[in-house]
Amino acid sequence: MHPDEDRAIQGTGRDADDAKDLLGRNDAGRRGFMLILSSPSGAGKTTLTRMLLQTKELDLTLSISVTTRPRRSSEVDGIHYTFITRKQFEALRDGGELLEWAEVHGNCYGTPREPVEKVLAQGRDVLFDIDYQGTQQVKQKTAEDVVTIFILPPSMKELRARLERRAEDPPEVIAKRLENARNEIRRWTQYDYVLVNRDLQTTFSDLFAILTAERRRAVRLKAGIGAFVEELLRES
Ligand SMILES: Nc1ncnc2c1ncn2[C@@H]1O[C@H](COP(=O)(O)OP(=O)(O)OP(=O)(O)O)[C@@H](O)[C@H]1O
Ligand SMILES: Nc1nc2c(ncn2[C@@H]2O[C@H](COP(=O)(O)O)[C@@H](O)[C@H]2O)c(=O)[nH]1
């Protein structure tokens, strides 16, 4: 994960005015939702996540996962992940502190529950970079407030090339991730939206459009738009 530091869930430090953006978030008084991005390793979700977080008017907050995976050289503890031991992971999981968790490519990953709940309670949206197992768990808990997007690579050859070009993982780890990719790709039907990430800008534009549309769903606007409609109806 390579999120933009100041958009991560811990310490967003933004005030209410800041959050009034082009999409009329707070003006509409709508409920926040959970936007989940999943893909086989190397398809590009971390890159797209960073682009979304850098787009300030979207006002998205990233959920920072805990993981037992070793830290990559480019990663910072507490920013990209919170890196913990398996014992610490089990304590969080058994204490009910994780919204979801899964074993992926031989390591444990999980989403701390409390920070997510806090952001949603403010009527703001949370972005997740989690796998299909975690996506299923979140959907089972709160289907209405979850939007899921699956990112596909343009080809398996390009997927391998992206993992090799990224040069963050040793060859045996890349081999394992490619081996798991087919199983993950077969899950595409479980998602609300599917995007083929050929060109980054095109995929980003598609994500922006999905987010914009989802924010305008009547079910999410109910509370805030009600007062506005009443006002409209009072006009002569
Ligand atoms: N559309 C694209 N065209 C070319 N290269 C891309 C594209 N999208 C992402 N990449 C590159 O592919 C590599 C893998 O991308 P990224 O790290 O975002 O994948 P990921 O899905 O988050 O993988 P992981 O699950 O392992 O974290 C990166 O080097 C990134 O710059
Ligand atoms: N179920 C969960 N999956 C997660 C979480 N955080 C990350 N992930 C997924 O793991 C793989 C590998 O990630 P990497 O950073 O080691 O490349 C990838 O599919 C992520 O989406 C989580 O909290 N829960």
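Tutor: What follows is a set of questions about the terms, each settled by setting a value against its definition.

Student: What kind of model is this, and how are its parts numbered?

Tutor: This is a predicted model, in which local features need pLDDT of at least 70 and side-chain atom pairs count only at pLDDT 80 or more, while totals for chains, interfaces and linings use all residues. Residues are numbered from 1 along each chain as its sequence is written, and chains are lettered from A and ligands numbered from 1 in the order in which they are written.

Student: What makes Gly44 buried?

Tutor: A residue is buried if 20 or more other C-beta atoms, placed from the backbone, lie within 10 Å of its own, exposed if 12 or fewer, and partly exposed in between. Gly44 has 22 other C-beta atoms within 10 Å, and is therefore buried. Gly44 sits in the loop between strand S1 (34–38) and helix H2 (45–54), where helices are DSSP runs of H or I with at least four residues and strands are runs of E with at least two, numbered from the N terminus.

Student: Why is Thr46 called partly exposed?

Tutor: Thr46, which is found in helix H2, has 18 C-beta neighbours inside 10 Å, so the residue counts as partly exposed. The unreviewed UniProt entry includes both Gly44 and Thr46 in its "binding site" feature, although such annotations may be inferred rather than shown by experiment.

Student: How do you know which residues surround ligand 1?

Tutor: A residue is taken as near a molecule if its C-beta atom, placed from the backbone, lies within 6 Å of it. Around ligand 1 there are 14 residues, and the closest are Ser41, Gly44, Thr46, Thr47 and Arg162. H2 and helix H6 (156–166) are the elements that give two or more residues to this shell.

Student: Which residues come nearest to ligand 2?

Tutor: Of the 17 residues around ligand 2, those that come nearest are Ser65, Ala102, Tyr109, Ile130 and Gly134. Strand S5 (98–104), strand S6 (107–112) and helix H5 (132–142) each supply at least two residues of that shell.

Student: What makes Asp77 exposed, and which residues does Asp77 touch?

Tutor: Asp77 has 10 C-beta neighbours inside 10 Å, and therefore counts as exposed. Its place is in the loop between strand S3 (66–67) and strand S4 (82–83). Two residues are in contact if their C-beta atoms lie within 7 Å, and, not counting residues up to four places away in sequence, Asp77 touches Arg71, Thr82 and Phe83.

Student: Which residues touch the most other members of the largest nonpolar core?

Tutor: A nonpolar core is a set of buried Ala, Val, Leu, Ile, Met, Phe, Trp, Tyr and Cys residues joined through C-beta atoms within 7 Å. The largest has 38 residues, of which Leu35, Ile36, Phe128 and Ile149 touch the most other members. Among the contacts of Ile36 are Phe128 and Ile149.

Student: Why do strands S2 and S9 count as edges of the sheet?

Tutor: The open sheet of five strands has the order S2-S7-S1-S8-S9, with parallel pairing. Strand S2 (61–62) and strand S9 (193–196) each have a single partner strand, so one side of each is left without a neighbour in the sheet. Two strands pair if DSSP finds at least two bridges between them, and S2 and strand S7 (residues 126–129) have two bridges in the parallel sense. In S7, Val126 is the bridge partner of Thr61.
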